[in-house]
Amino acid sequence: MRPTGNLHLGSYFGALKNFVRLQEQAKCYFFVADYHLLTTHPNPANLHQNVKTILAQYIACGLDPDKATIYIQSQVPQVVELYMFLNMNAYLGELERVSSFKDKVRQNPQNVNAGLLTYPTLMAADILLHKADAVPVGKDQEQHLEMTRTFASRFNRMYSVDYFTEPVAYNFGNELVKVPGLDGSGKMSKSVGEAATLYLVDSPEVIRKKIMKAKTDAGPQEKNSPKTPEIENLFSLLKLVSSEDIVRQFEDLYADCTIRYGDLKKQLAQDMETFIAPIRERIKQVEADDDYLSKVARQGCEKAMESASKTIREVREIIGFRPF
């Protein structure tokens, strides 16, 4: 996960909640992807603080450093070495066709750097470094995972080995949760703007303010009419944090055209605060404990280095880099 600030509700339901389950079932590696952030040229102070923030929030949301390997990407130098090896076998045309690269070029034509172009190979290095066979990804990352499979297969063919597994997408046996933004369009993410995104550290006042400003429509004009995207989004959020009775109550009010959106938003804000409050307090506790975070980072680095060093040693041998 890229350290671009505070985690939001979409990060929690779309990834972290499932990661907590996954660490009980498999050998897992979770990392703060600070190398990836360099494509945006962050301020050094901001970069360091964001890494600390994300690490604390990982732990506060339930990732356990004693059950999984949790590390900071930049503390494992083997990532960069494998990234370089994979770049030697990646082709310009295939990298330029990546949807996320083309989107970035359109959004910011003044910052089309090599890091953006080779973003898929860095992601592949993150995955293949630990020889992962399954990767939990959202819909927007499926193309990158497919490229990782391509790079793994190409390496095996080039060197006539059966070394890298071609990793597959893992979705916990269910369709991935898509948390909508408050603006009525797309998923909740930082890219849709602060006002449309609920963060796990938002105060009760901020939560209420954002939800009360969420887009709505003129209301249902006839009984059992379909919901507009804006209203469907509010009901989707309600289903995530409210009881079944509350959801059913507002569904019935909508169906018979007696719903008042102000009441719906007030209920959603109340239930959202009830849900976020304990996570927010845990985040504050963890982030304030520098000694604990340092211990977690060191422990994670040691465990990740053990796996990464073995992979790089074997990859170098396969390629032909051998000691005299």
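**Helix packing and overall form**

Mentor: The buried residues of α10 are covered by elements that include α1 (9-22), α11 (244-255) and α12 (261-287). Please keep in mind that this is a predicted model.

Trainee: Which residues of α10 are buried?

Mentor: They are I231, N233, L234, F235, L237, L238 and V241.

Trainee: And how far does α10 reach from its first C-alpha to its last?

Mentor: Helix α10 covers residues 229-241, which is 13 residues, and reaches 19 Å. That is close to the 18 Å expected at 1.5 Å a residue.

Trainee: Let us step back. How many helices and strands are in the protein?

Mentor: The protein has 13 helices and four strands. Its radius of gyration is 22 Å, close to the 20 Å that the globule rule gives for 324 residues, so the protein is as compact as a globular protein of that length.

Trainee: What box do the C-alpha atoms fill?

Mentor: Along the principal axes, the box is roughly 80 × 45 × 40 Å.

Trainee: What share of the residues is buried?

Mentor: Buried residues are 46% of the 324 in the protein. As for contacts with a separation of 6 or more, 76% of them are between residues 24 or more positions apart.

Trainee: Now to α13. How does its span agree with what its residues should give?

Mentor: Helix α13 takes in residues 290-319, and its 30 residues should span 44 Å at 1.5 Å a residue. The end C-alpha atoms are 41 Å apart, which agrees.

Trainee: Which residues of α13 are buried?

Mentor: Among them are L293, V296, A297, G300, C301 and A304. Further along α13, S307, A308, T311, I312 and V315 are buried as well.

Trainee: Is E306 in that helix buried or exposed?

Mentor: E306, which is found in α13, has a relative accessible area of 64% and is therefore exposed, the cut-off being over 50%. Its C-alpha atom is separated by 52 Å from that of K227, 79 residues away along the chain.

Trainee: What follows α13?

Mentor: G320 follows α13, and its phi is positive, near 120°.

Trainee: Which residues other than glycine have a positive phi here?

Mentor: H41 is one of them, with phi near 55°, and C257 is another, at about 65°. Most residues other than glycine have a negative phi.

Trainee: Where does H41 lie, and is it buried or exposed?

Mentor: H41 is in the loop between β1 (29-32) and α2. Its relative accessibility is 55%, so H41 counts as exposed.

Trainee: And where is C257 found?

Mentor: C257 is in the loop between α11 and α12. With a relative accessible area of 28%, C257 is partly exposed.

Trainee: What can you say of D256?

Mentor: D256 is also placed in the loop between α11 and α12. Its relative accessible area is 34%, so D256 is partly exposed. The C-alpha atoms of D256 and N224 are separated by 6.6 Å, while the two residues are 32 apart along the chain.

Trainee: Why does A60 count as buried?

Mentor: A60 counts as buried because its relative accessibility is 14%, and the cut-off for a buried residue is under 20%.

Note on methods: Residues are numbered from 1 along each chain as its sequence is written. This is a predicted model: local features need pLDDT of at least 70, side-chain atom pairs count only at pLDDT 80 or more; totals for chains, interfaces and linings use all residues. Side-chain values use heavy atoms; hydrogens and water are left out. Helices (H or I, at least four residues) and strands (E, at least two) are DSSP runs, numbered from the N terminus. The radius of gyration is taken over C-alpha atoms; the globule rule is 2.2 Å times the number of residues to the power 0.38. Buried means under 20% relative accessible area, exposed over 50%, partly exposed in between (1.4 Å probe, protein chains only). Contact means heavy atoms within 4.5 Å. The expected span of a helix is 1.5 Å times one less than its number of residues.
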